[in-house]
Amino acid sequence: MELSKGANAPVPTSLLAVVISWQTEHAVDAHALLLDESGMVGTDRDLVFYNAPRHISQAVTLDQEPAPGTARLSVSLPRTQRDVDRIVIGGSLDEGSFADITGLTVTVHAAEGPIARFEIDDHERVTAMMFGEFYRRDGLWRFRAIGQGWHTGLSGMVTEFGVTVDDPGRRTGTTRSADPFARGRAARSDRRAGRTAEPDPRTGRNPDSGRPAARGGESDRRAGRAEPDRHIGRATAGYTSAARAAAAAGEFAAGSRLDEARERASTAEDARATHAPTGAEDLADPIEPDSRLPEAADAVSRTESSATSPPDRAPSLHRPTGAPFPTRRLPLSGQSGDPSPGRIPEHGAASEDSAPRSPLGPDDPPTDPALAAVARSGRADTLPLARIDAVPAAFPGPAPLPSARPVDLTRHRADPAPPPPPPDPARADWHPDPTEPARMRWWDGARWTSDSYLRTHDDPRDCPRCGSPRRRKFFGGLSPCAACEVEIEEFLTHWHSSAWRVLTTSGPIGEPWEHLWASLRYQRIDENRGRAALRDLGLSYVERMVTFAFADGEIQQDEFDLFEHALAELRLGGPLVEDLRRRVHRGRLLCRLREGDLPLIRTPDLHLDSEEKVHLDLPATQVRALARGPRRTEGRLIASNKKLRFVGAGAGVELPWSRVVSVQNDGGAVMVAATSARGGATFEVDDPDYVTAALEGALRVAKRLVLTPGQLDSRSISQEVKAEVWQRDGGRCVECGSGHYLEFDHIIPLSRGGATSTTNLQILCRACNRRKGARI
């Protein structure tokens with residue numbers, strides 16, 4: 001439904017969405033005010049805006065991440081509290097005005113779709129605007145299109161509805177009253193002077209109340225009754241708390257308001273002179289007799305007497321700035337034995353025909369008439385001589401705090417986006433500060449820290465660490481910085497111990513290893529200095545790793561990858577490292593052959609079956625044990641996926657894999673055990689380890705004996721056992737004490753029933769292990 005300005009439409013009592021949209025680059029902030037029947041907020045929490053995006057009742061919620069060019073409010077009418085009579089929807093701008101915005105539209109959405117649409121086309125140069133409002137009518141809700149603006153922005157608009165902001169000096173810039181809380185006092189002053197405010201012909205609003213003129217000539221009375229009541233409740237709340245504190249301390253007024261009391265008495269005399277109605281306006285809104293007039297005169301006399309009293313009778317007065325003026329402590333009127341000769345007249349002393357009726361019944365406790373004067377005036381400072389004990393009788397209920405924290409309209413913007421990470425965010429290092437390129441800032445691998453230092457010029461004559469000039473050597477060159485050398489050597493001493501601990505526990509991988517080198521970079525020490533200090537430790541670690549890997553004769557893929565990674569991290573080189581690399585690569589090759597990863601060889605000169613694939617074809621010598629001695633026949637050893645063949649001069653052997661039992665290396669000869677009539681066969685080859693591993697792999701593939709992933713051979717030694725044996729033997733050969741080319745040796749060989757335990761294992765170097773062989 002399209003709405004024009006001032007039109008209204010019914011809305012369902014359900015969850016609604018109010019969407020404000022526009023077609024410019026401006027940013028409109030949406031907000032809402034929950035008002036009671038008097039048209040004011042109950043508390044400052046009834047303002048929903050960017051600093052308070054959700055009402056305490058969950059009735060209104062501000063979408064903090066709307067679509068571009070829109071602002072969105074969710075209004076849940078079923079959640080609205082009973083004392084909420086209106087929900088005002090508004091918006092404000094931080095820059096520019098609504099006259100610069102085009103396509104400003106307010107749309108109310110329900111579950112079934114849009115139900116009301118209000119296009120605001122007559123913009124004014126205002127910075128805040130009330131777009132519309134939800135209001136109750138006969139138990140149902142309706143939406144009214146308003147489109148009224150404020151020149152003073154959000155602060156001026158919310159102050160109009162009773163919100164206390166942190167800048168109380170600001171006032172609204174509309175045709176409404178500059179001080180909305182002074183409407184009751186202004187109306188009463190006009191009535192005493194015989195004047196009646198007329199509605200503004202341009203806006204149709206009463207300047208006293210700021211609202212549209214009511215029908216039947218009752219707007220002034222309605223504003224005159226409602227506004228003072230609200231102000232009395234707020235003013236008396238602050239007065240009551242501070243006045244009780246002043247009375248408890250026994251503080252009395254000493255005449256600091258003499259002028260004010262005199263002015264009050266003068267006003268009372270003028271009011272008496274002009275009390276009689278003189279025209280139709282007075283008859284339309286009769287002037288109520290002011291029962292405070294005798295009180296004001298009495299206040300003058302008592303104030304003058306207290307001002308002229310001796311100094312010793314006037315106690316000293318000390319009160320904080322902004323506290324209400326302390327009052328005298330007088331007995332309640334109507335109590336027996338009241339000795340005060342100048343007490344305030346009884347309520348019946350005033351004209352009963354003209355004075356308002358007391359809200360208290362005949363059985364209620366007596367109340368000082370001065371409190372009624374306060375209720376009529378709407379000012380907390382017009383209680384000059386009231387007894388403080390009488391305040392709870394007139395204003396029952398717990399007194400609120402003397403002052404509430406004002407609403408902060410300053411936009412709390414989110415923290416600025418952090419600087420972008422460096423090119424390699426996973427590496428902790430010094431990088432140029434994104435906000436100040438002249439400085440270097442530490443990136444810890446996850447965020448920028450506050451540690452920084454000023455970059456020095458890239459002068460080779462200066463120390464790259466501290467920037468101090470270095471001395472020249474006698475024979476040329478520059479000597480290192482003495483101060484930095486001392487610091488670096490001291491740091492590397494402790495760093496060396498930490499590095500060995502990391503290498504022997506987790507190795508050169510993982511977070512501990514990264515932290516080790518990050519600590520070196522943080523001290524601005526060249527990594528080459530660190531690697532030079534770790535060379536001996538690195539060699540010991542690599543040899544220990546190779547020994548552990550060859551303990552079970554198998555080099556797994558993870559062990560091979562860790563070895564290569566360690567060499568790359570430690571930057572190790574030399575003949576010893578190259579020999580270790582060759583051993584590990586060959587061990588990995590033999591392990592792959594035993595696992596069934598066999599090569600394929602093309603043999604065009606052999607006539608084989610179409611499904612037969614050759615894995616091994618090399619020269620070999622068959623050794624047959626005869627009564628006259630061993631007989632050697634040279635030929636070719638061919639291993640396929642179906643058979644093992646030996647083709648020689650005048651002799652040959654063909655064994656299907658189904659008849660082969662085992663393959664092993666015995667003293668440099670490959671022994672094949674089989675169940676055929678001729679038994680097995682023995683072959684001499686150039687590389688018995690390679691041939692044995694290939695034949696073993698072919699046998700496993702043929703008999704489906706390939707190890708599943710993660711399964712270990714029966715000869716494998718656990719890491720715990722290897723570490724215990726290594727520690728027990730000190731990482732050296734138990735025979736010759738060598739620390740290179742070490743191997744784990746079974747004291748009793750596995751072929752003879754030896755166990756894989758710490759008591760049956762020892763460390764031998766390669767030469768000592770070859771000499772021992774399979775002997776016990």
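Q: Does Glu724 count as buried, partly exposed or exposed?
A: This is a predicted model. Glu724 lies in helix α16, residues 719–729. Buried means under 20% relative accessible area and exposed means over 50%. Glu724 has 48% relative accessibility, so the class is partly exposed.

Q: What distance separates the C-alpha atoms of Glu724 and Thr758?
A: Glu724 belongs to helix α16. Along the chain, Thr758 is 34 residues apart from Glu724. In the model, their C-alpha atoms are separated by 7.2 Å.

Q: What average pLDDT does the protein chain have, and which stretches are below 50?
A: Of the residues, 67% score at least 70, and the chain average is 74. Residues 168–197 have a pLDDT below 50, with 71 contacts in the model beyond near neighbours in sequence. Residues 267–403 are also below 50, with 192 such contacts. The average is 74, and the stretches are 168–197 and 267–403.

Q: How many helices and strands does the protein chain have?
A: The count covers the secondary structure of the protein chain. That chain has 776 residues, and buried residues make up 41% of them. The secondary structure comes to 17 helices and 24 strands.

Q: What share of the contacts with a separation of 6 or more comes from residues 24 or more positions apart?
A: The contacts in question are those in the protein chain with a separation of 6 or more. Residues 24 or more positions apart account for 60%.

Q: Are α9 and α12 roughly parallel or roughly antiparallel to each other?
A: Helix α9 covers residues 482–505 and helix α12 covers residues 535–549. Their axes come within 11 Å and cross at roughly 10°. Angles under 35 degrees count as roughly parallel. The two helices are therefore roughly parallel.

Q: Is the crossing of α9 and α12 left-handed or right-handed, and which residues make the contact?
A: The crossing is right-handed. By class, the contact has four nonpolar, two polar and no charged residues. From α9 come His496, Trp500 and Leu503; from α12 come Leu537, Ser540 and Tyr541.

Q: Are α9 and α10 roughly parallel or roughly antiparallel to each other?
A: Helix α10 spans residues 510–522. The axes of α9 and α10 come within 10 Å and cross at roughly 170°. Angles over 145 degrees count as roughly antiparallel. The pair is therefore roughly antiparallel.

Q: How do the residues of the contact of α9 with α10 divide by class?
A: On the α9 side are Phe491, Leu492, Trp495, Ser498, Ala499, Val502 and Leu503. On the α10 side are Pro512, Trp513, Leu516, Trp517, Ser519 and Leu520. They divide into eleven nonpolar, two polar and no charged.

Q: Does Arg588 count as buried or exposed?
A: Arg588 sits in helix α14, residues 575–594. Leaving aside neighbours within four places in sequence, Arg588 is in contact with Ile555, Gln556, Gln557, Phe560 and Glu595. The cut-off for buried is under 20% relative accessible area. At 11% relative accessibility, Arg588 therefore counts as buried.

Q: Where is Ala52, and what distance separates the C-alpha atoms of Ala52 and Val407?
A: Ala52 is in the loop between β5 (47–48) and β6 (60–62). With 26% relative accessibility, Ala52 counts as partly exposed. Val407 is 355 residues apart from Ala52 along the chain. Their C-alpha atoms are separated by 9.6 Å.

How values were computed:
Residues numbered from 1 in each chain as written. Predicted model: local features only at pLDDT ≥ 70, side-chain atom pairs only at ≥ 80, totals over all residues. Heavy atoms only, no water. pLDDT = per-residue confidence, 0-100. Contact = heavy atoms within 4.5 Å. Axes fitted to C-alpha atoms, helices over the stretch in contact; angles between N-to-C directions. Helix = DSSP H or I, 4+ residues; strand = E, 2+ residues; numbered from the N terminus. Parallel < 35°, antiparallel > 145°, perpendicular 65-115°, else oblique. Left-handed = near helix turned anticlockwise from the far one by under 90°. Nonpolar A, V, L, I, M, F, W, Y, C, P; charged D, E, K, R; others polar. Buried < 20%, exposed > 50% of the residue type's maximum accessible area, 1.4 Å probe, protein only.
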